[in-house]
Each structure stands twice: as structure tokens, then as C-alpha cells.
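Hello,

Here is the structure you asked for. My notes follow below it.

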Amino acid sequence: MQGPREKQNSKKKKIVGIPRGLIFYHYPELFKTFFEQLGAKVVLSKPSTQKLLRNGLKVSSDEECFSCKVFYGHIIDLKNQVDFLFLPQFHGNHKFLVKCPKFIGLPDVIRAIFTDLPEIIGGYHSRTKKHHHIPHLFWLFFKAGWKITKNPFKILMAIAKARKKHQQFKQKQIWSREKLEAWENKAFSGDGPEKVKVALLGHSYVINDPVLSFNTLKKLREMDVEVVSSEQIPEEIINEQMKKLHSTLYFEEERKIVGTALYFLESGTIDGLLQLIPFPCGPSAISSEIVLHHAKKRPEFPVIQLVVDDNTGEAGFLTRLEAFVMTMKRKKFLKFKKGLSTEQLTLLASKTSEESAVKAQ
Ligand code: SF4
């Protein structure tokens, strides 16, 4: 029989920890909603910081990619404050597209590195396996849910609610073709030589992580740059672009990166391409080469590939980013000037000298 202490403990909300890295950025709403609906308390690790990275580095080997090193920091942040650690081994939900081996094997590596982890839940799913269809995925969620509640109805309802939230998230994240075209054609307020549009290419978990991306998104916006990222491009456009390659790209994230680059290199509707490459990363080595190969056919189009790792200096990174933005702005300014009449040019020159005089005061 349970004593009052055990009864109180069993009534206590179970705490599920979700590391804020890698797979989390693909399914942020799905995981969180699922466990919350079951009645668990969900604890997300803190957004990445330099301290979190330093902690991750203490347990990683040199061969690990930058994304995995940061991920270890998230595990350290969570492990002592939760009852369960949610670490799904998710190979992908596509018949032939996959995630990279480091991504898939990470839960096993984490089990081997840390000896004091709470119970890991999540399971293994790969749509490329013969029997891993939707019912298998469903079963994995059911098993994870069973750890929190023994009420099957509640688990089913939680799965349904989480799926709905995930679909809403995806609808918001991925633009429609119409929305993308409207963005490409849009003249932004103050549009002129000083406003440029950029496509940011990279893995979702790099682009959206402040440490992995060196806050690139935020910095670009501060420099008055309009940004669309590879995770926002509609799947139909990516698939169309993939048909132009001579061979098939099997890495899901790299398809988005290459597809986005090919699309904008062809349309020329933006002012430049920026790719973030975590080091060392096998799949990025492939995508960066393909992007570069196609970019060489458009030498006039500004393209920059920035490698990020734990040795990258923030100041050097920022200098390169600023130089890239200035190149695009200058190019746009010259193009803008070329299209002006003599009167417009005289007006622009007087406006510029007035502005310089105000700045000098
Ligand atoms: S794709 Fe690259 S960055 Fe992502 S987990 Fe694999 S090696 Fe690391």
C-alpha cells in the first residue's frame, strides 16, 4: 500500500525536459503541447548562451559538429531538474530523405557520455524502415505518453492536439508561393538603395539558435536587411529546383538549402545569398559545394558562406557580415543611380550633401 508521502509524490506533476536544440526546432509545438496535454510540466532548456556552449565543450570531442557541442550544453542544463528527458531518435518522416548520422545517433552518444541522466523517452523512428509508417510513430508517442498517464483516452487526445498545433506552426513557418512572390516584388518602406533583401541558408536549428548562428538574423535586421530563410520556402519550389540537379540529395535540410539557393540564383529577385555552415558538418560540405558551383555561373550575384564553430571569433564574423551587407547596398545603389534622370541625380546629390552636413553637426 502507498503511504501518504508516496501518494503525494505520485500526484506531483511529472517533469519532462526538452533540450532546445536540433530536432526541437523542427517540432517545437508538437513536443511541448503533447506533454502539456498529458498533464506533465514541460521544462525547455534555456536559449543557448556562451556559458551553455562552454559546458557542452567540456564533454565533447573535437570531431563533434558545432550543433552537437551546443546540444550537450542543453542536456547539462536540464538533466538535474527533470524526471524524464525527451530525446527522440528521429531518422525522418520521409520515404527516402534522411537526417545526418550524427543527428540520428545523438541520443546514443548522450547515453554514453552522461552517467547521471534521468530516464530517456522518445524512441526510434525512421520512415525509411519497412514497418515504420504512421502507426509506428503513433505507437512511439503512445509509449512516451504512458510514462505520464495511464489514461489511453488522454494520450490520444494529446496526440491529436499536438498534431494540430504542429500543423499550425508549419503553416506559419513555411510561406505559400503567393506570399513568397509578394515578398520578392514588394517595395519596402524606404526602399531604395539602402534596403536589401537576402536569403539566409542554413539548418533550422542553426538559423534560430543565437549561439550557433552568432545572432545572424537579428544582426541582419538591425542592418536594415529583409530576410527570408531556407526553412520558409514552399516545398513545391524546393522539389522543382531539385529536379534540376543531376543526382538526388538525400539530406532533408540540405535540399531546402540548395533548392532555395537555386531558386534565387535563377530569379535574381533578391540582393544576395548567405549560407551558415556549422563545422565540421558532412551534409553542409555537400550543400555548400553545390551552392558555390551554381553561384559561379552568376558571378555578379553576391554570395557569402560563413563557417561557424566554437573557435569563430564574434568580431571577425560580424566584420564579414557587415562587409557583405555593404557590398549588396553599394551594388543596389549603383543600379538605382543608373536608372535616374539628370534632374533626379541632381536632387539625390543635394539630398546626400544635406544629410552629410546634418550628420557632421
Ligand atoms: S547535419 Fe551537420 S550540423 Fe547537423 S547534426 Fe549533422 S553534422 Fe551536425
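**The ligand shell**

The shell around the ligand splits by class into six nonpolar residues, two polar and one charged. This is a predicted model, so please read everything here with that in mind. The residues that surround the ligand are C65, S67, C100, K102, H203, Y205, P278, C281 and P283.

**Helix α6 and its two partners**

Two packed helices are described by the angle between their axes and the distance between the axes. Here are those values for α6.

Start with α2. Helix α2 covers residues 28-37 and helix α6 covers residues 134-146. Their axes come within 10 Å. The crossing angle is roughly 45 degrees, which makes α2 oblique to α6. The crossing of α2 past α6 is right-handed. On the α2 side, the contact uses L30, F31, F34 and F35. On the α6 side, it uses F141, A144 and G145. By class, this contact has six nonpolar residues, one polar and no charged ones.

Now α7, residues 152-173. Its axis is 10 Å from that of α6, and the packing angle is about 125 degrees. The pair α6 and α7 is therefore oblique as well. The handedness of α6 passing α7 is right-handed. From α6, the residues F138, F141, F142, G145 and W146 take part. From α7, they meet P152, I155, L156 and I159. This contact has eight nonpolar residues, one polar and no charged ones.

Note F141 and G145. Both meet α2, and both meet α7.

**The α12/α13 pair**

How do the axes of α12 and α13 run, roughly parallel or roughly antiparallel? Helix α12 covers residues 252-267, and its axis comes within 9 Å of that of α13. The two cross at roughly 10 degrees. They are therefore roughly parallel to each other. E254, I257, V258, A261, L262 and L265 in α12 form one side of the contact. P283, S284, S287, I290, V291, H294 and A295 in α13 form the other. By class, the contact divides into nine nonpolar residues, three polar and one charged. P283 takes part in this contact and is also one of the residues around the ligand.

**Backbone points to check**

Most residues other than glycine have a negative phi, and most peptide bonds are trans. Two places here depart from that.

- F279 and P280 are joined by a cis peptide bond, with omega about -15 degrees. P280 is in the loop between β9 (272-278) and α13 (282-295).
- L22 has a positive phi, near 45 degrees, and is not a glycine. L22 lies in the loop between β1 (15-18) and α2.

Best wishes

Key: Residues are numbered from 1 along each chain as its sequence is written. This is a predicted model: local features need pLDDT of at least 70, side-chain atom pairs count only at pLDDT 80 or more; totals for chains, interfaces and linings use all residues. Side-chain values use heavy atoms; hydrogens and water are left out. Axes are lines fitted to C-alpha atoms, for helices over the stretch in contact, and angles run from 0 to 180 degrees between N-to-C directions. Helices (H or I, at least four residues) and strands (E, at least two) are DSSP runs, numbered from the N terminus. Angles under 35 degrees count as roughly parallel, over 145 as roughly antiparallel, 65 to 115 as roughly perpendicular and the rest as oblique. A crossing is left-handed if the near helix is turned anticlockwise from the far one by less than a right angle, and right-handed if clockwise. Contact means heavy atoms within 4.5 Å. Ala, Val, Leu, Ile, Met, Phe, Trp, Tyr, Cys and Pro count as nonpolar, Asp, Glu, Lys and Arg as charged, and the others, Gly among them, as polar. A residue is near a molecule or strand if one of its heavy atoms lies within 4 Å of it.
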